[in-house]
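Subject: A structure for you to look at

Hi there,

I am passing on a structure that I have been going through. Please open it alongside this email and follow along as you read.

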Amino acid sequence: MADRRDGPLAIKGGRVIDPSQGIDRVADVFLRDGKVERIVERTGREGTANAAGLGPMGRDPGTDGYRVVDARGKVVAPGFVDLHTHLREPGLEYKETIATGTAAAARGGYTTVCAMPNTDPALDTASVVEHVVRRARETGVVRVLPIGAVTVGRQGKQLSEMADLAAAGAIGFSDDGDPVADANLMRQALAYSSTLGLPIIDHCQDRSLTAGAQIHEGLVSARLGLAGWPSQAEATMVARDIALCELTGGRLHIAHVSTRAAVELVRSAKERGLNVTAEATPHHLTLTDEWVYGMKGSAPDGGALPVAAYDTNTKVNPPLRSRVDVEAVVDGLRTGAVDFVATDHAPHAETEKVCTYAEAANGISNIETAFASVMSLVHAGRLTLSQLVERMSTQPARFLSGSVNGRPARKLDHVRANPGMLPSSVSTSPASQGLLPATLGTLKVGAPADVVIFDPDAPWTVDPARFASKGRNTPLAGVTLKGRVTATIYGGAVVWELAGGDV
Amino acid sequence: MPRAAERRTNQGGLWAGPRRHILDLDDFTKAEIEEVMLNADGMKEVLGRGVRKTPALRGKTVVTVFFEASTRTRVSFEQAGKILGADVINVTASASSVTKGESLLNTVRTLQAMQIDALVMRHPHSGAPYFVARHLDTSVVNAGDGTHAHPTQALLDIYTIERLRGKLAGKRVAIIGDILYSRVARSDMIGMLKMGAEVVVCGPPTLLPPGFTPGETVPEGQPFEGVRVARRVEEAVDGADVVMVLRIQRERQDAGHLPSLREYSREYGINAARLGLARPDALLMHPGPMNEGVEISSDVAHGDQSVIEEQVANGVAVRMAVLYMLCARARNGGS
């Protein structure tokens, strides 16, 4: 791609929310040379603006030479960071490519996405990871950080060469979609990766409890005659892997937490000081299994299923859960048991959803709707705007920097694995590849100029035909959401801007 | 191009205009079920004639497409269509291109291109007829979808009971067996509750759907609200007007739902002693095919109270009625 530096930008008059600096006030944000240059508070009294942490102050430096972005009435925040994105490249380009997936990310306000390794081939060797890094450099619209596979071919049999993967830029390891069933192998994975300080991103599903499962096991599965995936099939594996985390001193991150039981297990593990974190998806925070009825979340009140029932766009793994579970996940996100939002953006081709429910692929294309979905929690009074930014930008960025529950992830001291197994060098890290900046998810002076500007109140109607993603698979088609990304700036360049006609 | 699904509703009923599909009984009114039964009476009269043929659906084409093995239901629909004078084309999954990897949608679109009037389908996946109905203009009749619904079976069950014993309202129906995986049980529960019956179910706890708690009634606001779940089969059958026995599949044993079919038979099988707990004139029913000696003993299956063969005979009349109602009437929203 050509040089994307747009020249200096002045984002004027927006409500700047940057939890990393405790900022929530109207200010101007100046960007230059791909970095945050300064933030200038607007007080209406020229020359007197000042506040701790607001960078160089003094006379309003003016905007000569800057392109001015009018952010009045909007929120200006660090660009969103997604720890869980399926970009599908290499091998599954018919579903998504790095180009389309990152363009979709930009529309969703994301400036950093972490690419899941369930590609074809899987990201289980350094050369495939390097391929993704190169393709991202050539075609990506925003920052792409690869996630390596835990096991070779994601087969759950043999550990991948994790140190090699880390050296190539992997920021963590996951067999997402195919949970590591063998407890001993998971133990080894947690122990081995602990030397790297990188997390095992854990899809928790006890497959012996979910044979043939299509949706959440509950009243909706009873009504529709679809085999159920009980909430407890997540909890049993979360419990197992927390125990193994304690055993090994590894770093465990629970992907797409969907159940009350799992949230409680993570909460208690954190209280015990373990290296355990968790994420939740926009859909598990906002949609229930009743969406499978095909009535946009309503249930057939004693009446008939509509012809639209069995909406395959609601099929996702883990499945959309009960109200009780959704409430618990929201509560976990609010109280800190769940660290941040991750999308699990999972684009599929149309043919993979235009079929029976049992035949349909799992996944929702949601990176373009994620912010508005989470924003609905703000409108419902469940989160503050500042908490939203913290859970979509600040916290995932801290996680990438190696912070676990407010402290550096512990390395080595708890490792009980045979030291002979450890790699000779543990100096590898994505940062050493220049992929992961030293600071991310912040508008601190000198940080990468990754910024999202959004209108928290603007209503818009989801039209998948206008997605940048190839994946049109969303149950939200036709649904009006409140809250819209109006511009996304990555490395100082405007990579997405809502045009006047885009309503 | 407007999607077919957007132009279409499935509102049925005597006064709501013609029905387009029969996907389950959940969108039937009680009056509409009664209308089906009145039509079935007329069809039974046709079936009793020396020459069993009417031209009611002459020039109409009915396609049955079964993606899952079935003899009884397919033959029943085929016979129903032929007696009404329709051209009936039977497509079985093994004989069609489905096995060559062609999608379900393409298969039924190809069939529709043959200008058919009704598509009778059975599919192993719950909800498959809803998917097909969303994408086709043809009337879709659900002849059994996965573990979801089997509406014409429920209609013939209701018909058989009402014509032998009068109105279902106030009568107690006991449904015994694998409720979790039974599409017959689901449609029967929905239809019989609509008709005012008291429905009691009983089965091993491993084969009860979520929300069905032994010893409790399904609470208001939940699917199948009002169904009582008995702890023991004797309690379920006690005083029943109808005992509906469900087929138990060997695969439930293989999947670990049951220790053995032998133990199932001992704990839940309907035999003379258990049937004796029901009202003396209680009807014994089974949707077939039966595993005699497992869920039902041979003596009662072929005994005085058994109406299992009448269910089969009534099945043809009821399917004639629904095909007639779907195909013969003018449509006000079709294309």
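This is a predicted model: local features need pLDDT of at least 70, side-chain atom pairs count only at pLDDT 80 or more; totals for chains, interfaces and linings use all residues.

**Where the chains meet**

Let's start with chains A and B. Here, 23 residues of chain A are in contact with 28 residues of chain B. On the chain A side, helix 5 (residues 219–224) gives the largest share, 5 residues. Sorted by class, that side of chain A has 14 nonpolar, 6 polar and 3 charged residues.

**The two domains of chain B**

Chain B is divided into domain 1, made of 4–149 + 314–327, and domain 2, which covers 151–311. Their C-alpha centres lie 25 Å apart. Where the two domains touch, 25 residues of domain 1 of chain B are in contact with 22 residues of domain 2 of chain B. On the domain 1 side, the elements that give two or more residues are helix 2 (30–47), strand 4 (139–145) and helix 13 of chain B. That side of domain 1 divides into 12 nonpolar, 7 polar and 6 charged residues.

**A closer look at helix 6 of chain B**

Now find helix 6 (residues 151–165) of chain B. This helix has 15 residues and reaches 21 Å from its first C-alpha to its last, close to the 21 Å expected at 1.5 Å a residue.

Why can we call helix 6 of chain B largely enclosed by the rest of the structure? It is because 11 of its 15 residues are buried. Among the buried residues are P151(B), A154(B), I158(B) and I161(B). Their cover includes helix 2, strand 4, helix 7 (183–194), strand 8 (242–245), strand 9 (283–285) and helix 13 of chain B.

**How helix 6 meets helix 13**

The axes of helix 6 and helix 13 (residues 308–327) of chain B come within 8 Å and cross at roughly 115°. The crossing of these two helices of chain B is right-handed. From helix 6 of chain B, the residues making the contact include L155(B), L156(B) and Y159(B), while helix 13 of chain B brings residues including N314(B), V318(B) and V322(B). Taken by class, the contact between these helices of chain B has 5 nonpolar, 5 polar and 3 charged residues.

Best wishes

Terms used: Residues are numbered from 1 along each chain as its sequence is written. Chains are lettered from A and ligands numbered from 1 in the order in which they are written. Two residues are in contact if their C-beta atoms, placed from the backbone, lie within 7 Å. Helices (H or I, at least four residues) and strands (E, at least two) are DSSP runs, numbered from the N terminus. Ala, Val, Leu, Ile, Met, Phe, Trp, Tyr, Cys and Pro count as nonpolar, Asp, Glu, Lys and Arg as charged, and the others, Gly among them, as polar. Axes are lines fitted to C-alpha atoms, for helices over the stretch in contact, and angles run from 0 to 180 degrees between N-to-C directions. A crossing is left-handed if the near helix is turned anticlockwise from the far one by less than a right angle, and right-handed if clockwise. Domain bounds come from an automatic or database domain assignment. The expected span of a helix is 1.5 Å times one less than its number of residues. A residue is buried if 20 or more other C-beta atoms lie within 10 Å of its own, exposed if 12 or fewer, and partly exposed in between; C-beta atoms are placed from the backbone.
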